[in-house]
Each structure stands twice: as structure tokens, then as C-alpha cells.
Amino acid sequence: MTPMSGQVWVSLISLGGVVLGGLLSYLVQHRTQQSAERAEQHRQQIALSETRRAERLALLERFIEVGAEAERAAFSRPDEFDDTHPWHLTTQDVMNRLWVAERLIRIQFPLPVHDAARAYFLDLNRTVWEGLPDGESVRDYLENNRLAFLDAARTAMG
């Protein structure tokens, strides 16, 4: 083996070490970047989930609050009223807000939650505008569908 070929081998081995080191460095950096990207995506998914949950809770609160207003209107329903009666004007506004909240439930929640909200809304709407037969309690009439809605909402919220 000549001195020249020994130097070539040393140079080739050195070059191979540099290439191997560079390749390993690239692989480590690539894996680290992928891991960081996955962690960031996971953080974004968690933030989005938390935001959606907060929106859903606010919507439930809105529906329940307006539903309570509508129930109070049903309890205070006068025997006779017309379109200009103060009770009718106030109640019309409440029922319009309840209708909107019920539609938003359909957008934000699974159908079983909306179906329960819809049944409660329809019972409440009927009670407010048509009243109940004598001797029937507003609270008792609305209780089953109100509880069904609350139970469906609790299940959907986890």
C-alpha cells in the first residue's frame, strides 16, 4: 500500500464520518421538528375543544335562562289579552329569543339534545299562548321535557 492510497482511505473514511454525522443530525432535527409540530397541533386541538365547550355552555345557559323567563310568562298568563297587552308584548320578545336559542342548540349539539330542546320549547310555547286546562299545573306539564332536555345536554357535555 502506497502512502498515497493510505491518505485516500483516511480522507474517504473522514468524509464518510462527516456524511454520516450530517445525516444523523438531519434525522434528529427532522424528528424533533415533527414532534414539535404534533405537540402544537395537539395544543391547538385542545384549545379549540375548550372554546367549543365554552360556547356550548354559554348557549345552554342562554336557553335555560330564556326558558325560565318563558315559564314565568306562562305562570303569569292573563285569562284574556290582545296584541297590545303588556304581557303579550313582553312574552312575544321572550318567545322569539327562546326560538332563536332553540335553533342554535340544533347547530351546536347532537340531534338528541336538539330533539329534547324542541319538545320542551313546543310544550312551553303551547302553554304560554294557549294555556292549560283548569287544574293542570304549568310546572308539572313542563317538568318531563325540561328534565329530558337537561339530561340530554349533560350527556352531550360529558
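Biologist: Where is I13 placed?
Modeller: In this predicted model, I13 sits in helix α1, which covers residues 3–75.

Biologist: Is I13 buried or exposed, and why?
Modeller: I13 counts as exposed because its relative accessibility is 61%, and the cut-off for exposed is over 50%.

Biologist: Which residues make the nonpolar surface patch with I13?
Modeller: V8, W9, L12, L15 and V19 form the patch together with I13, and its area is about 620 Å².

Biologist: What is F149 in contact with, leaving aside neighbours within four places in sequence?
Modeller: F149 is then in contact with L60, F63, I64, I105, V113, A116 and A117.

Biologist: Which residues of α3 are buried?
Modeller: The buried residues of α3 are V113, H114, A116, A117, Y120, F121, D123, L124, T127 and V128.

Biologist: What does α3 reach from its first C-alpha to its last?
Modeller: The 20 residues of α3 reach 27 Å, close to the 28 Å expected at 1.5 Å a residue. G131 follows α3 and has a positive phi, near 75 degrees.

Biologist: And L147, where does that lie?
Modeller: L147 lies in helix α4, residues 138–157, and is partly exposed, with a relative accessible area of 38%.

Definitions and conventions:
Residues are numbered from 1 along each chain as its sequence is written. This is a predicted model: local features need pLDDT of at least 70, side-chain atom pairs count only at pLDDT 80 or more; totals for chains, interfaces and linings use all residues. Side-chain values use heavy atoms; hydrogens and water are left out. Patches are made of residues with over 30% relative accessible area and no salt bridge: like charges are joined within 9 Å, nonpolar side chains (Val, Leu, Ile, Met, Phe, Trp, Tyr) within 5 Å. Accessible areas come from the Shrake-Rupley method with a 1.4 Å probe; for residues, only the protein chains shown count as cover. A salt bridge is a side-chain nitrogen of Lys or Arg within 4 Å of a carboxyl oxygen of Asp or Glu. Helices (H or I, at least four residues) and strands (E, at least two) are DSSP runs, numbered from the N terminus. Buried means under 20% relative accessible area, exposed over 50%, partly exposed in between (1.4 Å probe, protein chains only). Contact means heavy atoms within 4.5 Å. The expected span of a helix is 1.5 Å times one less than its number of residues.
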